[in-house]
Amino acid sequence: MSQWQHSPKLVDRWLRALDLPHQVSIEERELRLVDSRGQTPVTFASVGTGVGQVLPILIAGLTSQRKTIAVEQPELHLHPSQQGHVADFIIDGVTSRNQQWLVESHSEAIISRVLRRIREKKLRPEQVSVLYVEPGPEG
């Protein structure tokens, strides 16, 4: 049994944490989405872009055998409060699943959540490295 077989409930838990009203299931080896407000099956094309953006991040974080996961702008198309929950998901991967995440982000909400978790001692400063990049005089 693949690692994914154990993960739909974990994905659903994180979708709820992100305040996204969807659940995932596997039917005939295909990933399906259900709108949890009315238990209506929905297509990926009919849900918001934020769901389509965050779902691969959740699945990768919960099923990847790799210890390093790279993601670009996980905050796209998400409300700032949801962006903070994405940061919590990544932090959970670091602290609970011994993962290393390489995250390229423009989100103040993600950075703020990381700093908050450090202050709350749920994340150690040595587990985080923030690089700020800006163009030089030559561009």
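Helix 2 (residues 49–63) lies across strand 1 and strand 2 and runs at about 125° to strand 2. Such angles run from 0 to 180 degrees between N-to-C directions, with axes fitted as lines to C-alpha atoms, for helices over the stretch in contact. Contact means heavy atoms within 4.5 Å. Helices (H or I, at least four residues) and strands (E, at least two) are DSSP runs, numbered from the N terminus.

This is a predicted model, in which local features need pLDDT of at least 70 and side-chain atom pairs count only at pLDDT 80 or more, while totals for chains, interfaces and linings use all residues. Residues are numbered from 1 along each chain as its sequence is written, and side-chain values use heavy atoms, with hydrogens and water left out.

Now the whole chain. The protein chain holds four helices and five strands. Their order from the N terminus is α-β-β-β-α-β-α-β-α. The C-alpha atoms fill a box of roughly 50 × 30 × 30 Å along the principal axes. Of the contacts with a separation of 6 or more, 57% link residues 24 or more positions apart.

An open sheet of three strands has the order 1-2-3, with antiparallel pairing. Strand 1 (22–27) and strand 3 (40–42) each have a single partner strand, so they stand at the edges and one side of each is left without a neighbour in the sheet. From one strand to the next, the twist averages 40°. Two strands pair if DSSP finds at least two bridges between them. Strand 1 and strand 2 (residues 30–35) run antiparallel and are joined by six bridges. Strands of a sheet pair through backbone hydrogen bonds, either parallel or antiparallel.

Two residues of strand 1 deserve a look. H22 lies in this strand. H22 counts as buried because its relative accessibility is 8%. The cut-offs are under 20% relative accessible area for buried, over 50% for exposed and partly exposed in between (1.4 Å probe, protein chains only). Leaving aside neighbours within four places in sequence, H22 is in contact with D12, L15, L33, V34, D35, S36, V42, V47 and V51.

I26 is also placed in strand 1. With a relative accessible area of 29%, I26 is partly exposed. Its bridge partner in strand 2 is L31. I26 and P8 lie 18 residues apart in sequence, and their C-alpha atoms are 8.0 Å apart in space.

Then the backbone. H77 is not a glycine, although its phi is positive at about 65°. H77 sits in the loop between strand 4 (68–72) and helix 3 (80–96). Its relative accessible area is 56%, so H77 is exposed. K121 also has a positive phi, near 65°, in a residue other than glycine. K121 belongs to the segment after helix 4 (108–119). K121 is exposed, with a relative accessible area of 74%.

Finally, surface and charge. Buried residues make up 37% of the 139 residues in the protein chain. The accessible surface is about 9100 Å², and 52% of it belongs to carbon and sulfur atoms. Accessible areas come from the Shrake-Rupley method with a 1.4 Å probe; for residues, only the protein chains shown count as cover. The mean positions of the 16 positive and 16 negative charges are 9 Å apart. Lys and Arg count as positive and Asp and Glu as negative, without His and the chain ends. Each charge is placed at NZ of Lys, CZ of Arg, CG of Asp or CD of Glu.
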